[in-house]
Amino acid sequence: MKTFETMVAKATSASTLERRMELAQNAVWYAAYHGTGYYASPKLERIFLEAARRIPQVPCKPQKNTVLHVMTQAYGSGGHTRVVQRWINMSNAEEKHSVLLLSQGKENVPQWLLDAALNHGGRILSYGEQDITKRALLLRQEASKYERVILHVHMDDPVPIIAFGVDSFTTPIIFFNHADHMFWLGVSIADMVAELRYDHNSYTRRDVQNSYILGIPPAPDNNTAIDVDKKVLRKELGIPKDDFVIITTGSDYKYRRIGSNSLCKQLVEIVIKGKNVSCYAIGPNIESDQWGWANTVSKNRIHPLGVVTDKEKYRKYLLASDLYIGSYPYGGYTSMMDAVQCRLPFLQLLISGQQKSMLLMTPSIDQSLCLCHSTRELVRKAIKVKVDDAFKDTLYQTSKCWADAVANHESWKRRLYDMYRSCPTRHKVHSFEITKGEHVVIDDNVCLLEIMYNARFEYANRMLRCLSHFWMRMKGV
C-alpha cells in the first residue's frame with residue numbers, strides 16, 4: 001500500500017504530462033497485479049483525463065442498433081474472450097456488433113470471435129504499435145459511430161480513459177467489471193458498470209454510482225452432455241476408462257500459492273487417498289514448480305495439460321470427467337458454468353472473501369454443499385463424490401440450481417436489455433473520491449494476503465511463519 005501511494009505521489013508531482021503519464025502507467029500496473037488495498041485511484045485517472053483533453057474532439061454520429069466491444073486483447077482460451085463472443089451471440093439479430101482490439105499485437109484473433117462479429121454484421125478491428133494517445137484518438141473516432149460502447153479492457157489499460165475522458169464524447173460507456181476483485185482504471189468514464197455479483201464492491205471500493213447486476217453470459221445450450229459416451233471420449237483423450245476423473249480449469253495465476261499452500265496439495269491428497277482417481281488441469285503447465293511437483297508426487301495421476309485452445313477438445317475433457325474442482329485462490333465463474341452445463345457437480349475451496357462473493361452471485365440459492373471452507377472439507381467431499389452416488393447426485397443438483405440461477409439464457413438477455421435501458425443516455429465524465437474512513441474503504445487484508453503469496457516470507461522467520469499461519473487460519477485460507 002505504501003509503495004503504491006508513493007508511486008501515485010511521484011506520478012502526480014512530475015513536471016510534464018508525458019512524465020506523469022509514464023509514472024501513472026507504472027503505478028496502475030503495480031496496483032493491478034499486487035495487493036495494495038486500493039481498487040481505483042482518482043489521482044491517477046485525473047492524469048489520463050488531462051491527456052484526454054489534449055487530443056482532438058470528435059462529434060458522435062452513432063448509427064442505430066450498433067454496439068462496439070472494446071478489448072485490450074482477445075485470447076484463444078479462458079473466459080474473458082468467450083464473454084464477448086457470447087454477449088454478441090445472445091444479442092438481438094438486428095444489432096450490428098463489432099470488436100476493437102487495442103493491443104492485440106501479433107496474437108491471433110480467435111476465429112470463433114471473428115465469426116460472432118461477422119454473423120452480427122460487424123467486424124474485428126485491431127490497432128498496431130501506436131502510442132497510447134494515438135490509439136486513444138483512433139478509438140474515439142471509431143466509437144463515435146456506435147450507439148453503445150462496451151469496455152472489456154484490461155485493468156491497467158489507460159487508452160479508454162484518454163479516448164472517452166471528455167464530455168464532448170456523448171455516447172454512453174458501459175464498463176464490464178470482469179475483474180471486480182482487482183484494481184482497475186475506468187471509474188471516471190463509466191456511465192454504467194455491468195457487475196458480475198450481488199455485492200456493493202463498485203460502490204464501497206470505487207465510489208461507482210451507476211451499476212447493474214448483469215452476470216456472465218451463459219454458454220449456448222448443448223444437449224450432447226445428455227447422450228455422451230464417456231468411455232468413447234476417454235479413449236480418444238487417453239484417459240483411463242475406469243478412473244474417477246477430476247478436472248480443474250483456469251489460467252496458471254489462478255492457482256498461485258498462498259505461503260506454502262496451494263490447491264495442488266489437496267489434489268495430490270485426493271488422488272492418493274482415492275483408488276483409481278486421476279486429475280486433469282487445463283491451463284496450468286507441467287513446467288511450473290507446483291504442478292511438476294504434483295505430477296511427480298501423484299505418480300502421474302495429476303496431468304497439467306497447459307492451455308487448450310480447441311473449444312471442442314476442451315468440452316470433451318469436461319464431458320469425460322466426473323467432478324469439477326474450481327481454481328484456487330482465484331475462482332473462474334465462466335469455467336464453472338461450462339462444467340455444470342456438461343453435467344458435472346462442482347466443489348470450490350474458498351477463503352472468506354471469496355465465500356461472500358460466491359454467495360452474493362445467487363443470494364437465493366443455498367450453495368453450502370458446493371462450497372468448502374477448509375482444505376480438509378474439500379478432500380473429504382471430493383472422495384465422497386467418488387464412493388457415494390446419492391451424494392454425487394445431490395451435489396450436482398445443487399450445482400445445477402446455482403448455474404440455472406446465474407446462467408439462464410432468457411433471464412440474462414432480459415437483464416442485458418434492462419441494463420441498456422437503465423444506462424444514462426449521454427456520456428459524462430465522473431469525479432470520484434476514495435478516502436479512508438468514508439464509505440469507500442481501502443482493504444488492508446488484501447495487502448496481507450499478497451504478502452502470504454510469497455513463500456520465502458513465510459519461511460524466512462519462525463515468528464513470522466507462525467503469525468502468517470495464524471492469520472491465514474483466521475481468514476479461512
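Visitor: Which strands does helix α4 lie across?

Guide: Helix α4 (residues 79-89) lies across β1 (63-71), β2, β4 (146-151) and β5 (173-176), and runs at about 170 degrees to β1. Angles run from 0 to 180 degrees between N-to-C directions, with axes fitted to C-alpha atoms, for helices over the stretch in contact, and contact means heavy atoms within 4.5 Å. Helices (H or I, at least four residues) and strands (E, at least two) are DSSP runs, numbered from the N terminus. This is a predicted model, in which local features need pLDDT of at least 70 and side-chain atom pairs count only at 80 or more, while totals for chains, interfaces and linings use all residues. Residues are numbered from 1 along each chain as its sequence is written, and side-chain values use heavy atoms, without hydrogens and water.

Visitor: Why is the pair of D338 and R82 called a salt bridge?

Guide: The closest N and O atoms of D338 and R82 are 2.2 Å apart, and a salt bridge is a side-chain nitrogen of Lys or Arg within 4 Å of a carboxyl oxygen of Asp or Glu, so the pair qualifies.

Visitor: What parts does this pair tie together?

Guide: D338 lies in helix α14 (residues 333-341) and R82 in helix α4, so the pair ties together parts that are 256 residues apart in sequence.

Visitor: How do you know whether D338 is buried or exposed?

Guide: Buried means under 20% relative accessible area, exposed over 50%, and partly exposed in between (1.4 Å probe, protein chains only). D338 has 6% relative accessibility and therefore counts as buried, and R82, at 10%, counts as buried too.

Visitor: What links K230, R234, D322 and K392?

Guide: A network of salt bridges links K230, R234, D322 and K392; in the pair of D322 and R234, the closest N and O atoms are 2.8 Å apart.
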